[in-house]
Amino acid sequence: MIYLYIVAAALLGSLTIYALTGGADYGGGVLTLTAFGPRADRQREVIDHAIGPIWESDHVWLILVVVILFYGFPPVYTTIMTSLFLPVILMLVGIVLRGAAFSFRSYGSVGRAHRAWGRVFAVASLITPFFMGVTIGAVASGRVPENPEVVGDFLISWATPFGLSVGLFAVLLFAFLAATYATLEDGETAVINDFRLRAIIFGIAEAIVAGEVLWLSRSGAPRIWINLTTRAWTWPLIWLASGSALAALWGLATRRLRLARVFAAAEVLWIIWGWAFAQFPVMVEPDLTIYNASSPPVTLRLLAIALSGGAVILLPSMGYLMYIFKLHARRLAFPTHVEASGSDPPTD
Amino acid sequence: MTDLLSARYQMGMSLGFHIIFSCVGIAMPLLMVIAEILHQRTGEAIYLTLARRWAVGSAIMFAVGAVSGTVLSFELGLLWPHFMRWAGAIIGMPFSLEGFAFFTEATFLGIYLYGWDRVSPRMHIAAGVIVALSGMASGIFVVMANAWMNSPVGFRLEHGRPVDINPIATLHNPSALAEVLHMTIAAYVATGFAVAGIHAAMLLRERDNRFHRMGLAIALAVGGIFALVQPVAGDYAARSVARLQPIKNAAFEGLFKTQAYAPLAIGGIPDAGARELRAAIELPGLLSFLDNHDFSSVVIGLDAYPESEWPPLTPVHVAFQIMVAIAGILALLPLWAGYLRWRTGSIYHSVWLLYALIGAAPLGFVAVEAGWVVTEVGRQPWIIYRVMRTADAVTPMPGLVAWFSVFSIIYAFLAVTVAYMLWRQVMQSPSAAELAAAQATV
């Protein structure tokens, strides 16, 4: 049983890291799309530069999520892939276009083609997280039919106000995350302020939609709503998420940018964990759980061993990459202009 | 078009597209590392320029390979949910190992590409070597999973469900070694010859350009060495199929009748109605010899199986012939080049060799695609050989032809763009300024 929990934790962990890294890459695309003002080109450059070295390895977390799902929880994987065929395949279209467009831009497209691929990148950065959100909303809704037959079965669980709102929420949340990260990517004060402003706008928009999603979940994902509001251990997660959101916004407003980044990331983490713990032990509402939808123990044991062994390779490599391009590089390239206070106690 | 056929076409198209990028992703880093090592040994700027160009080529191909590979990891479930539900717990092992290999490759490719002036020269080469090795490893793991579909092991059937499963057995299933060797070697052959052909074409225009000469030399050395080994690996793979999947072997050869002294057919079109191979040259006894190293041995023909279990005969037989013919051609070219080098001291002055290399540039990839048809279409009508039929694995989702069309259009568009990008970024002769910049970093 311990292996089952290790695998489930690895799934949640991979999804969380994917949201914190890959999610921000999508948000970066949204920032490219909404770049404005006299420094719009500079803003796009900063985003490209920030994503370039890391987005391939960020992307791998998604693969890991998929692999853990189909190896550890085959019925969950196939139920999602069958009943949510449409949002998943639309998400895939976005992933293909976005990945290809980004690499074409990075490796030397020029002139009109460069701008055209830029637009493809930006629009695909909207589509992909939107349908990821929609898929997660559907998973939470309790309406996913296990054996869909007619066309309606393939729509019923996600083409709802709740499902679409979760999609919108994902887009805004990632844009907020990316803008907050981006405030630490460039030394020029004016550009930092551009990102700061947008982080605040996206942060407020995201908070409003979060409220709407919660409101709609009362009918859109009733089990989640009940669990969120009645389970003793999900309440703190709601408060941690909202508290982190407020702290991040406060950090942005008062130029405590490092602090803002930590709290923005914390907000994303608490939201995902809030959803996961409100569902626990259910994986796809209403009745696929980590107990009845998992692979046989021998498979889970091997997967758990592979994941632990892999982590030994994976985490140091990722750390080294981040060290070279995020910490080390910044120290080399330009000194940090805005220092975080770092002394504020975390809000609850 | 039925949904089953659309699903098969979409899967085939996605794999046929992805396989090109994976092959380049496996082999290109090797070329790039060789060039960088030569640069560190000799201090010649031209090698550094080659390494950088090939690194950009690897990056473009890797990025498109990464997304098309992601598509596949979803399509397995989107198109074949019943297969994944049945087999996920068994064949997940190679896929999860592949995930880690892929992660390692992505991370160190990032370091290699963006780290020229951020890590030490030794660390940079180490990063390149890790990229090359992990690229090879991820290819190996995926082919292992495919080999399992041909030789399913590691479970016991009970009421149609797998029980007592042993995921480790997947990694050394009976087809795994043959398929892995054959495919991995093919990746180096196809990429080596493609790159060599491109530099040969540029040399025709600029006969003394040292950049293209060295590019040709490294690529041909890699492609040529592996091309000489490939017939051996291919022979091993064919005998493995003859032993494990006799019906597939019969489809390869267009052999309708089970017989001793079975002939090897060259060319020909199988006629399922008449139960005969039309217009083929037949070499008596040779197939028996190739399959079992014994002219008198019996080779099982299609007649040993009901027609409902036959794979589509014409595509399998024709693709098999194309693959074998290309392997022969590509094994001769390095011998010719070696002979020229021995007799005249140079391979760059023979226009005929350059033309032949240009002609051979796409052949490796044609053979890879043909080999893909051979192994996948040859497995039909089964998705898991003799365990689950492809028709029983397909999704209930209606209207699949629409998605097949969407992905075909996107992939066609990407293919054109990638070709154009490689042309602009990787193949052009370096400018004086670029060489000077490389020289400055020596």
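Let me start with a definition: buried means under 20% relative accessible area, exposed means over 50%, and partly exposed is in between, with a 1.4 Å probe and protein chains only. By that rule Phe226(B) is partly exposed, because its relative accessible area is 26%.

Ground rules next. This is a predicted model, where local features need pLDDT of at least 70, side-chain atom pairs count only at pLDDT 80 or more, and totals for chains, interfaces and linings use all residues. Residues are numbered from 1 along each chain as its sequence is written, chains are lettered from A and ligands numbered from 1 in the order in which they are written, and side-chain values use heavy atoms, with hydrogens and water left out.

Now aromatics. A pair of aromatic rings is described by the distance of the centres and the angle of the planes. Rings of Phe, Tyr and Trp (its six-membered ring) pair if their centres lie within 6.5 Å; planes under 30 degrees apart are stacked, over 60 edge-to-face, the rest tilted. The count is 25 aromatic pairs over all chains.

One of them is Phe17(B) with Tyr411(B): stacked, 4.1 Å centre to centre, 10 degrees between the planes. Phe17(B) sits in helix α1 (residues 3-42) of chain B and Tyr411(B) in helix α12 (residues 400-427) of chain B, so the pair links distant parts of the chain, 394 residues apart. Helices here are DSSP runs (H or I, at least four residues), as are strands (E, at least two), numbered from the N terminus.

Buried or exposed, Phe17(B)? Buried, at 9% relative accessibility. Tyr411(B) is buried too, at 2%.

Next pair: Tyr188(B) and Phe226(B), stacked, 4.5 Å centre to centre, 15 degrees between the planes. Tyr188(B) lies in helix α5 (residues 176-205) of chain B and Phe226(B) in helix α6 (residues 210-244) of chain B, so this pair ties together parts 38 residues apart in sequence. Tyr188(B) is buried, at 7%.

Back to Phe17(B) and Tyr411(B). With Phe21(B) and Phe407(B), they form one aromatic cluster.

Charges over rings: NZ of Lys or CZ of Arg within 6 Å of the ring centre and within 35 degrees of the ring normal. Arg52(B) lies over the face of Trp116(B), 4.7 Å from the ring centre. Arg389(B) lies over the face of Trp382(B), also at 4.7 Å from the ring centre.

Last item, a helix residue. Trp342(B) is in helix α9 of chain B. Trp342(B) counts as exposed, at 65% relative accessibility.
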